[in-house]
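Subject: The structure I promised you

Hi,

Have a look around first, then read my notes below.

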Amino acid sequence: MKKFPFQKSNQSQTPQFNEVIQQLKESKDFTSFMFGLEHDALCISYFNTLIDTDILHRDLLPYLNKSSSTLENAVQALPIENLIFTQTPDDMQNHLLIGYISITMEGKDDQAVLVKADSQKSRTISLPEVEFSVIGPKESLVESLDTNLNLIRKRLPIQELKVEELTVGKLSKSRVAVLYIDGICNKKNVTTVIQRISNLDVKQIIDSSYISQMIVDKKNTPFPQFIDTERPDRLAAVLGEGKLVILVDGAPHGLLGPATLVEFFTASEDYFINWTMASFFRLVRFFAVLFSILITPIYVAILTYHYELLPKNLINTLVISRSGIPFPPILEALVLELVIELLREAGARLPTKVGQTIGIVGGIVIGTASVEAGLTSNVLLIIVALSALASFTTPVYQMGNTIRLIRFPFLLMAYYIGILGVAISFCFMLIHLLRITTLGRPYLEPLYPPKLQSLKDSLIRLPFSLLSKRPAPKQKD
């Protein structure tokens, strides 16, 4: 005999399922009809926009006992596992709103049976768009949480991979999953993340980026503390390193943490090519970031205060390029930086083909016209263009946005104090980075505090034979 899980209500008053059904009928996509004989008929209720009607007509209606006098006997022959019996109207309403079918008996308003029949509609698995790699897997996460869990579990077919699921948002009721490998991941981190997510008092969670902004250690910083990635292979890899992953139903990106600064410059492709090439490209990214942040402020500082630092031949070139320009270097640099930001935003918001045209043609036309009109120097135009190009080398999009932002304080300090202002700005940034933690872990680790074992895969990547075969020992709780 089939056994069903039975959920008892904590309420003492008699439930009124019919009242809930009448309220839900105010929505045009809600369906409720009588099925069976005139007496003891069954009431079938559901949202037709949420359920799979094939399940209703194939697995439910043909097997219902229309002549039964009890609800238990009426659903006894259903070829569906995990039927839920409930005596709570609120419980029935919550399940109806996530794709369940409710079955009640006419004249017996004391319990209901809930049948899962939600329609799983989502886009197919496609190529990664933000983190595309020439070598390696070509799968990306999608908006379906169950599909994303499948992509990760097929890469980690082990029982130690645990999934903790929570429901967040008073309106959205979003499913949030926390993944970790038991025995490798620090349990204190798992407890902290689950506690912070459970304590969120928000109306809606539309995307995983909402979670990353709400549960971080330090909220008043432009530096991201969770890595946002669309690649399931990267998520599976970091789970094996002892990190945890956060997935949100409806979000095609996952969060991984605790993340350190060095990991934001690590690309998945680094592990698909020879270690010498991977190390070279990684060092190029670090150099490009420093170049993007410092080159324009140094140009402004030198032209404003420190001409003596330049060779004579270069001074002649700069004087010729700036002859006839009515603006000081700081105003000239700010205008060009803002123009680059406008082109980026315009290209990102317009349709793909139009956005590419605006970015290329707009940059060429505006740059050429501004130089010919004598509003900017051709040398600064080249420097700003190279600075923008260097900021695109970061594999993680959020870190690229951070680099775009912190250039402006450096520019202002360079104008007011010169090279000393650039040095002071860099020291302030370094102090700020030292104060950031992510789930209690130092943000600059393994550079500071230094960890020799982890340095093998930080600024450079050594061969797999020299990397640790197992993740670093988990931290003590």
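Strands β10 and β11 (residues 254-257) run antiparallel and are joined by 4 bridges. To see one of these pairings, find Val-245: its bridge partner in β11 is Leu-256. Keep in mind as you click around that this is a predicted model.

Now zoom out a bit. The two strands belong to an open sheet of 5 strands, in the order β7-β8-β10-β11-β9, with antiparallel pairing. β7 and β9 (227-229) are the edge strands; each has a single partner, so one side of each has no neighbour in the sheet. On average, neighbouring strands here are turned by 25° against each other, ignoring direction. In case pairing is new to you: strands of a sheet pair through backbone hydrogen bonds, and they can do so parallel or antiparallel.

Next, look for helix α6 (residues 187-198). It lies across β7, β8 and β10, and it runs at about 175° to β8.

Which residues have the most contacts inside the largest nonpolar core? They are Leu-179 and Leu-247, in a core of 42 residues. At least two residues of this core come from each of α5, β8 (174-181), α8 (232-240), β10 (244-248), α9 (275-305), α14 (397-417) and α15 (419-435). Another core lies apart from it, with 23 residues, including Leu-61, Val-75, Met-105 and Ala-117. If you select Leu-247 and skip its neighbours within four places in sequence, its contacts include Leu-141, Leu-149, Val-176, Leu-179 and Leu-235.

Is Ser-458 buried or exposed? Ser-458 has 1% relative accessibility, so it counts as buried. You'll find Ser-458 in the segment after β13 (441-442). A polar atom of the Ser-458 side chain lies 3.0 Å from the backbone oxygen of Leu-455.

Glu-160 sits in the loop between α5 (145-153) and β7 (161-168). Glu-160 counts as partly exposed because its relative accessibility is 33%. Leaving out residues up to four places away in sequence, Glu-160 touches Tyr-180, Ile-181 and Asp-182.

Last, the cysteines. How many disulfides does a search of the whole structure find? The count is 0. Cys-43 is buried, at 8% relative accessibility, and Cys-185 is buried too, with a relative accessible area of 2%.

Notes
Residues numbered from 1 in each chain as written. Predicted model: local features only at pLDDT ≥ 70, side-chain atom pairs only at ≥ 80, totals over all residues. Heavy atoms only, no water. Buried < 20%, exposed > 50% of the residue type's maximum accessible area, 1.4 Å probe, protein only. Polar contact = N/O pair within 3.5 Å; in protein donor to acceptor, adjacent residues only side chain to side chain. Contact = heavy atoms within 4.5 Å. Core = buried A, V, L, I, M, F, W, Y, C linked by side-chain atoms within 4.5 Å. Disulfide = S-S within 2.5 Å. Pairing = 2+ DSSP bridges. Axes fitted to C-alpha atoms, helices over the stretch in contact; angles between N-to-C directions.
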